[in-house]
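Q: I have a protein model open and want to learn how to read it. Can we go through it feature by feature?

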Amino acid sequence: MAKADKRTPDQQKQGKALRDEGAKWLNRVEAAGKLEKQWLDDAEKAVKAFTGETASNDFTPSTLGTTYDFNILYANVETIVPAVINSPPAPDVRRRFADEDPAGKDVAEIIERSIKVQVDDSKLQVELEGEAQDAFLAGRGVVRLRFKSDIVKDVTDEIAADDASADIGAPEAGGEPEGGEDYSSPSGGTPAASQPERLANERIEFEAVSWRDFRHGPAKRWSDCPWLSFRFVVSRENEDTAFDSAMIGMQTSDQEKKARGESDNDLTGWEIWCKTSLKVYFVDDTGVILKTVDDPLGLTNFFPIATPVQPVELTGRLMPVNPFSIYSKLADELDLTTKRINIITNHMKVKGWFSGDAGDIANMLAADDTEFVPIGNADIWAANGGLAGAVAFWPVEKFILVLRELYNAREQTKQAIYEITGISDIVRGASKSNETLGAQQIKTQWGSLRIQKMQRMMERGARDLFVMMSEIIPAKFSHETLQQMTGVQIIPTQQDLTPIQPPPPPPQGAQLPPDQLQQYQQATQAAQMAEKARRAKLAQMQSVQQLLTQKLSTMYRIDVESDSTVKADLSRQKAEAAEFLQGAGAYWAAVGPMVQSGELPKEVAVEIFAANSRLFNLGKSVEDVLEKMVTDAKAKAAQPETPKPSPEQKAEADAKARAEDQAAKAADAKLKGAQAEQNMQFAREQHDMTMKEKEFDLRSKQIAAATDQNQVLAANGIVPPPIQIDPIGGEAVLKELAAQRQMFGEFMLEVTKALTAPKRIIKDQQGRPAGVETVQPQQQQGMQ
């Protein structure tokens with residue numbers, strides 16, 4: 001007797017509804033596979049041909065072998081894939097309209113740097129190469145995004161944990177923190193006190209999905225597709241951690257649970273993204289819904305993939321076409337020709353026949369190189385036509401004619417395949433040495449048009465991935481991660497949040513010296529400017545944080561830089577740069593005089609130059625500079641032209657300028673007079689201080705003289721009188737100063753007389769100068 005199910009009736013009812021829904025999704029996936037069965041079969045054959053696991057279809061293995069001897073599919077795929085993607089795509093993020101917006105510029109830089117960090121180390125290029133290989137081999141290439149992060153637990157002590165638990169739920173719903181908006185936490189985030197666990201190391205990973213593991217709902221355009229599904233494989237040990245065990249338990253009986261637990265097979269199923277319900281369903285191959293997730297990425301188009309790359313597209317049809325099926329008959333013909341060449345080559349051997357009793361011929365055929373053997377009866381051999389008449393050789397020349405035609409036929413078949421696939425000889429690097437340069441340039445220009453179309457398909461796919469990343473990064477990445485990743489400040493520091501205080505003012509009523517007053521004013525002005533800059537910085541960071549919460553894909557033009565997925569030919573790039581510089585120099589040399597004379601407006605000349613410059617691949621930075629040149633020229637032209645002044649106006653302006661110059665000079669003189677008066681006042685105050693010092697010095701000398709006099713009297717037995725100090729006024733000080741000045745003047749007069757008095761040279765006995773002496777007035781009169 002079977003054991004009773006331990007599930008409750010309500011759980012059994014819910015489990016049955018989930019199983020029914022899971023079976024419905026499996027039926028949809030199976031129906032999608034049946035609709036594309038023809039393409040799937042063709043793709044499988046192409047993959048086997050690519051890997052050498054299948055044979056051409058029109059011939060039996062017994063005659064032509066079991067695999068392709070000339071694998072043209074492998075050669076074509078390995079040629080096209082590096083031609084369409086050989087360099088990582090470079091994001092180009094900028095505002096859709098070139099307005100003055102510092103916050104918008106910072107956000108564009110944040111998004112662009114974040115995308116560059118995610119695609120570094122060729123992580124995206126490898127997956128794009130896998131997508132391109134699937135596209136040109138099977139007919140469809142798909143790349144999906146995955147958002148991943150690490151869960152980090154914040155380390156806090158018990159007191160901090162208790163405080164945090166007490167603070168949780170304290171603010172009322174809709175309330176704001178005191179002091180306005182909190183800059184330190186990302187918008188939409190939860191305070192750190194209520195988050196013992198937080199996300200860190202947020203990242204976006206890329207995955208090239210195999211064409212076998214992808215299904216989609218019925219639609220005529222990818223934008224109208226109702227659902228997508230991806231095949232998944234999960235080890236049985238990870239079932240409980242990867243999926244919802246409670247949901248699985250409701251859908252399985254006890255026997256099924258036991259069988260699932262004892263199974264050693266991996267868990268396989270489909271990951272289904274439903275655009276209608278905005279949910280993701282994980283359904284295994286038995287119809288059990290393992291888990292459901294509500295809109296995990298929040299993308300505008302919901303699906304985590306770029307538009308699939310399909311080299312052969314038809315309007316109104318999403319089912320791809322296998323590229324190899326288009327020329328598989330020619331590939332079989334090419335393989336047949338190659339196999340016949342091999343068969344004929346194997347039969348091209350030097351062989352023949354001769355008479356059975358001709359032993360001399362047998363010895364000759366068995367001889368080695370440069371070895372001669374004797375021939376008996378030479379006269380008889382000579383009479384019967386010699387060796388040529390006795391030996392018949394295998395007709396190898398007939399095989400040579402056939403081989404020549406087979407080689408020509410194979411080359412013609414190859415050229416037919418190249419015309420179908422778009423691989424020209426110049427793209428494959430094969431050109432004739434006798435061709436002219438013009439012929440090779442023409443082949444390069446026109447022979448790569450279809451390759452350029454394929455390159456644009458890859459760039460479109462990369463651009464779609466960048467647009468999705470621009471939506472995921474602001475929504476899923478914390479501001480701390482973005483700041484560390486990009487180096488652009490988003491969260492203000494404590495210094496940014498602290499107001500800058502001006503210097504303390506001087507005491508009320510105090511008069512500062514002019515230099516100190518000027519320093520105080522400069523410090524106050526600098527503090528005001530710093531505080532204004534701090535507030536502007538906070539406002540910009542607030543604007544950046546608010547802007548990061550919006551749908552940036554509608555406000556920014558997110559694109560792939562031109563030719564970034566293909567390494568340009570260096571010689572061609574140098575030739576274009578030299579041609580541009582030469583043409584630019586000739587253009588401005590011819591147009592410059594016309595602009596100066598006014599015959600040609602400047603904005604028109606700049607617009608013509610910019611229009612012709614766009615024909616060259618100059619890069620993003622040069623294009624931005626050219627665009628700014630055009631904008632500035634138009635803005636300057638839109639300003640009203642200042643009329644030239646008349647002679648009367650010019651004379652009036654000159655007079656006004658002279659009057660202003662005179663007023664400035666008068667003000668300067670007034671300022672200098674005030675400065676001189678201030679210097680005079682300072683001199684008076686210094687003079688008063690000097691007078692007080694002299695008065696104190698004289699009083700000290702009087703006291704010292706009286707004290708010495710009293711000591712002498714006391715030593716002689718005389719009672720000294722009391723010391724009386726006469727008051728010293730300003731007049732006594734002035735008299736003493738005048739006496740000192742007179743004495744110094746008399747001394748300087750004597751020195752001057754001695755220096756200016758006539759001199760006489762004193763000579764020694766030999767008549768040589770020995771010294772100089774001053775001539776007295778009497779001696780001078782005697783000499784006269």
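Q: Is arginine 231 buried, partly exposed or exposed?
A: Arginine 231 is partly exposed, because its relative accessible area is 31%. Buried means under 20% relative accessible area, exposed means over 50%, and partly exposed lies in between, using a 1.4 Å probe and protein chains only.

Q: What should I know about the model before going on?
A: This is a predicted model, where local features need pLDDT of at least 70, side-chain atom pairs count only at pLDDT 80 or more, and totals for chains, interfaces and linings use all residues. Residues are numbered from 1 along each chain as its sequence is written, and side-chain values use heavy atoms, leaving out hydrogens and water.

Q: What does pLDDT average over the chain?
A: pLDDT is the predictor's confidence in each residue, from 0 to 100. The chain averages 76, and 69% of the residues score at least 70.

Q: Which residue forms a salt bridge with aspartate 285?
A: Side chains of opposite charge can pair when their charged atoms come close. A salt bridge is a side-chain nitrogen of Lys or Arg within 4 Å of a carboxyl oxygen of Asp or Glu. Aspartate 285 pairs with arginine 231, with the closest N and O atoms 2.8 Å apart. Aspartate 285 sits in the loop between strand 7 (279-284) and strand 8 (289-294), and arginine 231 in strand 5 (residues 227-234), so the pair ties together parts that are 54 residues apart in sequence. Aspartate 285 is partly exposed, at 39% relative accessibility.

Q: Which residues do salt bridges with shared partners join into one network?
A: Lys148, Asp150, Arg203 and Glu205. Within it, the side chains of aspartate 150 and arginine 203 meet at 3.5 Å, N to O. Aspartate 150 is in strand 2 (residues 142-153) and arginine 203 in strand 3 (residues 197-209), 53 residues apart.

Q: How many places apart are aspartate 41 and lysine 37 in helix 2?
A: An α-helix has 3.6 residues a turn, so residues three or four places apart point the same way. Aspartate 41 and lysine 37 are 4 residues apart in helix 2 (residues 37-51), about one turn. Their side chains form a salt bridge at 2.9 Å, N to O.

Q: Which residues does threonine 338 touch?
A: Contact means heavy atoms within 4.5 Å. Threonine 338 touches Asp69, Phe70 and Arg410, not counting residues up to four places away in sequence. Threonine 338 lies in helix 12 (residues 328-347) and is buried, with a relative accessible area of 5%.

Conventions. Helix = DSSP H or I, 4+ residues; strand = E, 2+ residues; numbered from the N terminus.
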